[in-house]
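Several labels are applied to this structure below.

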Amino acid sequence: MTYPEERAAAAHDLAALGTALTDCRSCPRLVEWREEAARVKRRAFADWDYWARPVPGFGPTDARMLLVGLAPAAHGGNRTGRMFTGDRAGDVLVEALHALGLASRPHSVHRGDGLELRGVRCTAPVHCAPPANKPTPGERDTCRPWLARELELLRPTVRGIVALGAFGWQAVLPVLRAAGWTVPRPRPAFGHGARVLLPHSGDGPELTLHGCYHVSQQNTFTGKLTPAMLREVLGAAAEEAGIPLGRHRK
Ligand code: SF4
């Protein structure tokens, strides 16, 4: 058994899962990269003591909706130690969640900033920052047990997943299938606004998978993903998952 398989299976709750995860060193290339980023730093963050470890999921342990991104950014989550925190992608996402009443603050700056998410949890299929934001398929597969266990622990409450980008979409489908949800064959294709209803083959709840362009600068700076488009998908997914919106999504 690999370290992620063994330690994820042994975690009895999400806090224990997060603790075990942060000790993971199973991907040599990513361990080197995350630690190198912490040594070299970016000038704007020269006085930061970087996290430089795997970044656990963030949000309530009884979330009804799970956001699945790609991986932490070298100077974002890898610096702050919290998903979607400390970079432009996180700002865009948290602004949208706040506009919908799903986040307590409009910005996500550092772990102690008081941000709380309502009904929503953020995670990633790869928990360490990869060079050029591009994990290899092998690294994705090595990291899979952490996502599988997180989903298993959320199963009593989670009713919707939003995959932010094609990587998250493709990474989460085998996890869902292995956990008993019926994934159509051929696998449904990722697209912004894509929506797939996944019945459970056992006594588990039905779950809806939504596709949304990733909140990367590449997408938001070019207008491929606008704040309105993001709010539309997140708002629809939250309502379908049974999370009442605090504000209107338009
Ligand atoms: S990417 Fe995942 S499996 Fe690889 S070292 Fe980080 S936490 Fe461990």
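Q: Which residues does Tyr 3 touch, leaving aside those up to four places away in sequence?
A: Tyr 3 touches Cys 24 and Ser 26 in this predicted model. Tyr 3 itself sits in helix H1, residues 3-10.

Q: Why is Tyr 3 called partly exposed?
A: Tyr 3 has 14 other C-beta atoms within 10 Å. A residue is buried at 20 or more and exposed at 12 or fewer, so a count in between makes it partly exposed.

Q: How far is Tyr 3 from Pro 145, C-alpha to C-alpha?
A: The two C-alpha atoms are separated by 9.4 Å, although the residues are 142 apart along the chain.

Q: Why does Arg 64 count as buried?
A: Arg 64 has 20 C-beta neighbours inside 10 Å. The cut-off is 20 or more, and therefore the label applies.

Q: Where is Arg 64, and what does it touch?
A: Arg 64 lies in the loop between H3 and strand E1 (65-68). Its contacts, not counting residues up to four places away in sequence, include Gly 119, Thr 157, Val 158, Arg 159 and Gly 160. Ala 241, Gly 242 and Ile 243 are also among them. Arg 64 and Cys 128 are 25 Å apart in space, C-alpha to C-alpha, and 64 residues apart in sequence.

Q: Which residues come nearest to the ligand?
A: Of the 16 residues around the ligand, these are Cys 24, Cys 27, Pro 54, Cys 128 and Cys 143.

Q: Which helices supply at least two residues of the shell around the ligand, and which gives the most?
A: Helix H3 (28-40) and helix H6 (137-154) each supply at least two. H6 gives the most, with 4 residues.

Q: How many residues of the shell around the ligand are nonpolar, polar and charged?
A: The shell has 11 nonpolar, 3 polar and 2 charged residues.

Q: What makes H5 mostly covered?
A: In H5, 9 of the 12 residues are buried. Among them are Val 92, Leu 93, Leu 97 and His 98. The buried residues of H5 pack against strand E2 (120-123), helix H8 (217-221) and helix H9 (227-240).

Q: How does the reach of H5 compare with the expected span, and what about H9?
A: Helix H5 (residues 88-99) reaches 16 Å from its first C-alpha to its last, close to the 16 Å expected at 1.5 Å a residue. H9, with 14 residues, reaches 20 Å, close to the expected 20 Å.

Q: Which residues of H9 are buried, and against what do they pack?
A: The buried residues of H9 include Leu 230, Val 233, Leu 234 and Ala 238. The packing partners of the buried residues are E1, H5, E2, strand E3 (160-164) and strand E5 (207-212).

Q: Which residues have the most contacts inside the largest nonpolar core?
A: The core has 78 residues, and those with the most contacts inside it are Met 65, Leu 97, Val 162, Ala 163, Leu 234 and Ala 238. Leu 234 touches Ala 96, Leu 97, Leu 100 and Val 162, not counting residues up to four places away in sequence.

Technical notes
Residues are numbered from 1 along each chain as its sequence is written. This is a predicted model: local features need pLDDT of at least 70, side-chain atom pairs count only at pLDDT 80 or more; totals for chains, interfaces and linings use all residues. A residue is near a molecule or strand if its C-beta atom, placed from the backbone, lies within 6 Å of it. Ala, Val, Leu, Ile, Met, Phe, Trp, Tyr, Cys and Pro count as nonpolar, Asp, Glu, Lys and Arg as charged, and the others, Gly among them, as polar. A nonpolar core is a set of buried Ala, Val, Leu, Ile, Met, Phe, Trp, Tyr and Cys residues joined through C-beta atoms within 7 Å. Two residues are in contact if their C-beta atoms, placed from the backbone, lie within 7 Å. The expected span of a helix is 1.5 Å times one less than its number of residues.
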